[in-house]
Amino acid sequence: MNHDDYHAIEAAFVAGFREAPDKTGFLRLARVPAELSPEGELGLKLIEVRLDESAVVGSASPGFASRELVYHPLPGPMIRSETKLLFRYVSATGVRDLSLADVLRLSGQDHPEVEGAGHGHGHQHHHHNHDHSQPSGAHGH
């Protein structure tokens with residue numbers, strides 16, 4: 001499975017989870033474990049599935065001969081939306097935010113072709129575009 005295929009699977013998970021009337025049932029169907037036991041670590045318990053939405057609506061850069069930033073709002077077609085899917089697990093020693101790839105790997109459900117699908121920094125990004133003609137309440141970076 002290549003990186004694009006993995007993002008498609010993650011996008012399907014996000015869409016299904018949003019629409020599922022029974023979130024716990026959906027997690028079971030998707031084989032996301034409520035508890036993980038990573039080797040050499042205390043057990044992890046799933047407490048939250050995070051779908052963090054953001055939209056980049058503009059950019060700012062230093063102005064010429066000025067201390068003020070110059071702001072450049074983006075036209076609608078150039079606005080990028082992003083949903084970050086994270087699984088928040090806790091243990092007696094702290095909190096861990098895991099990507100879908102991390103969860104699959106730690107639960108022994110990963111496939112060799114999925115390895116490397118994550119970015120190696122604890123979470124996965126899922127990008128998708130929307131028509132932003134309606135206000136979404138999202139914030140930019």
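Are Phe 13 and Phe 17 buried or exposed?

1. Both Phe 13 and Phe 17 are buried, a term for under 20% relative accessible area, with exposed meaning over 50% and partly exposed in between (1.4 Å probe, protein chains only). The model is predicted: local features need pLDDT of at least 70, side-chain atom pairs count only at pLDDT 80 or more, and totals for chains, interfaces and linings use all residues. Residues are numbered from 1 along each chain as its sequence is written, and side-chain values use heavy atoms, leaving out hydrogens and water.

2. Helix H1 (residues 3-19) holds both Phe 13 and Phe 17, four residues apart, about one turn of the helix. Helices (H or I, at least four residues) and strands (E, at least two) are DSSP runs, numbered from the N terminus.

3. Rings of Phe, Tyr and Trp (its six-membered ring) pair if their centres lie within 6.5 Å; planes under 30 degrees apart count as stacked, over 60 as edge-to-face and the rest as tilted. The count by this rule is four aromatic pairs. The pair Phe 13 and Phe 17 is stacked because the ring centres are 5.8 Å apart and the planes lie at 10°.

4. Phe 17 and Phe 26 form an edge-to-face pair, with ring centres 6.0 Å apart and planes at 65°. Phe 26 is buried, at 17% relative accessible area. One aromatic cluster consists of Phe 13, Phe 17, Phe 26 and Phe 87.

5. Arg 31, in the loop between helix H2 (23-29) and strand S1 (35-36), has a positive phi near 60°. Arg 31 is exposed, at 56% relative accessibility.
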